[in-house]
Amino acid sequence: MTKHRLSTRLWHWVNLLALVILFMSGLNISNAHPWLYWGQWGFQPRTAWLSVIEFPGWATIPGYYNLAGARWWHILFAWIFAVGLLLYLLIALFNGHFRRDIVTRGKEWRSSALRADIAAHLRFDFHHGEGKYNFLQKLAYGVVLFILLPLMIASGMAISPGTDAAFPWLVDVFGGRQSARSIHFIVAWAVFAFFVVHVVLVLLSGPIGQLRDMITGGRIDEKA
């Protein structure tokens, strides 16, 4: 039996590509107006709650300031990302991946179990636990899959006036279009932080084997 189903592996790599392009094109869009506000309106830098740095060309798509081009890349891969996430969630629910590998158990929330899980991570022991993932891994994946990624999609839709006709209530849910823009920015960086931690943990836990398993599927009996 494989560690990672084909649907998981496909979504992993498509999602990686989509998130990288979304993030880099988003930085280009941020350069157009690097101030963030709360509420419905915001134009004056003096009323902003945050002044964002200007991102260099090597970190943006395109690699030079081009608002129209950045929006084209952003919207295209937003669709790819959203459809991919929806398909992954449906397949994972259908094949039992969530129930088997992501859902946490009551005993895992006990303080003693939580302390033991944290201690194991501090020893760089990432293969403890009864299932495929340990508690902190399942908790992180659950937060990203069910909170951060859907919130990023919803806030992105609220930013775009093109969605007003289909979802006229969405902007009000976020407290205004500028609030949605601020939340979109915060969530994007939270996902980036998760990505960095994920890469660091992969490097610490055997990157060659991890990459091989995410490409070929791996075997459960190979897991120590």
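With which side chain does the side chain of Asp213 make a polar contact? In this predicted model, local features require a pLDDT of at least 70 and side-chain atom pairs count only at pLDDT 80 or more, whereas totals for chains, interfaces and linings use all residues. Residues are numbered from 1 along each chain as its sequence is written, and side-chain values use heavy atoms, with hydrogens and water left out.

The partner of Asp213 is the side chain of Arg212, at 3.4 Å. A polar contact is a pair of N or O atoms within 3.5 Å; within protein, one must be able to donate a hydrogen and the other to accept it, and residues adjacent in sequence count only if both atoms are side-chain atoms. Asp213 lies in helix H8, residues 207-216. Helices are DSSP runs of H or I with at least four residues, strands are runs of E with at least two, and both are numbered from the N terminus. Asp213 has a relative accessible area of 3% and is therefore buried, whereas Arg212, at 42%, is partly exposed. Buried denotes under 20% relative accessible area, exposed over 50%, and partly exposed the range in between, with a 1.4 Å probe and protein chains only.

Arg212 and Asp213 also form a salt bridge, with their closest N and O atoms 3.4 Å apart. A salt bridge is a side-chain nitrogen of Lys or Arg within 4 Å of a carboxyl oxygen of Asp or Glu, and by this rule there are four salt bridges. Another of them joins the side chains of Arg177 and Asp164 at 2.9 Å, N to O. This pair links distant parts of the chain, 13 residues apart, with Arg177 in helix H7 and Asp164 in the loop between H5 and helix H6 (170-173). Arg177 is buried at 19% relative accessibility, while Asp164 is partly exposed at 28%.

Helix H4 (residues 111-122) comprises 12 residues and reaches 17 Å from its first C-alpha to its last, close to the 16 Å expected at 1.5 Å a residue. The expected span is 1.5 Å times one less than the number of residues. The buried residues of H4 are Asp117, Ala120 and His121. They cover an arc of only 100° around the axis, which means that they lie on the same side of H4; the arc is that of the directions from the helix axis to the C-beta atoms. An α-helix has 3.6 residues a turn, so residues three or four places apart point the same way. The buried residues of H4 pack against helix H5 (135-159), where contact means heavy atoms within 4.5 Å. On the other side of H4, Arg115 and Leu122 are exposed. Just after H4, Phe124 adopts a positive phi of about 60°.

Aromatic pairs were also counted. Rings of Phe, Tyr and Trp (its six-membered ring) pair if their centres lie within 6.5 Å; planes under 30 degrees apart count as stacked, over 60 as edge-to-face and the rest as tilted. By this rule there are 15 aromatic pairs. In one of them, the rings of Phe23 and Phe192 have centres 4.9 Å apart and planes at 10°, so the pair is stacked. Because Phe23 lies in helix H1 (residues 6-32) and Phe192 in helix H7 (residues 177-204), the pair ties together parts that are 169 residues apart in sequence. Phe23 is buried at 17% relative accessible area, and Phe192 is partly exposed at 32%. Tyr133 and Tyr141 form an edge-to-face pair, 5.0 Å centre to centre with 70° between the planes. Phe23, Phe55, Phe185, Trp189 and Phe192 form one aromatic cluster.
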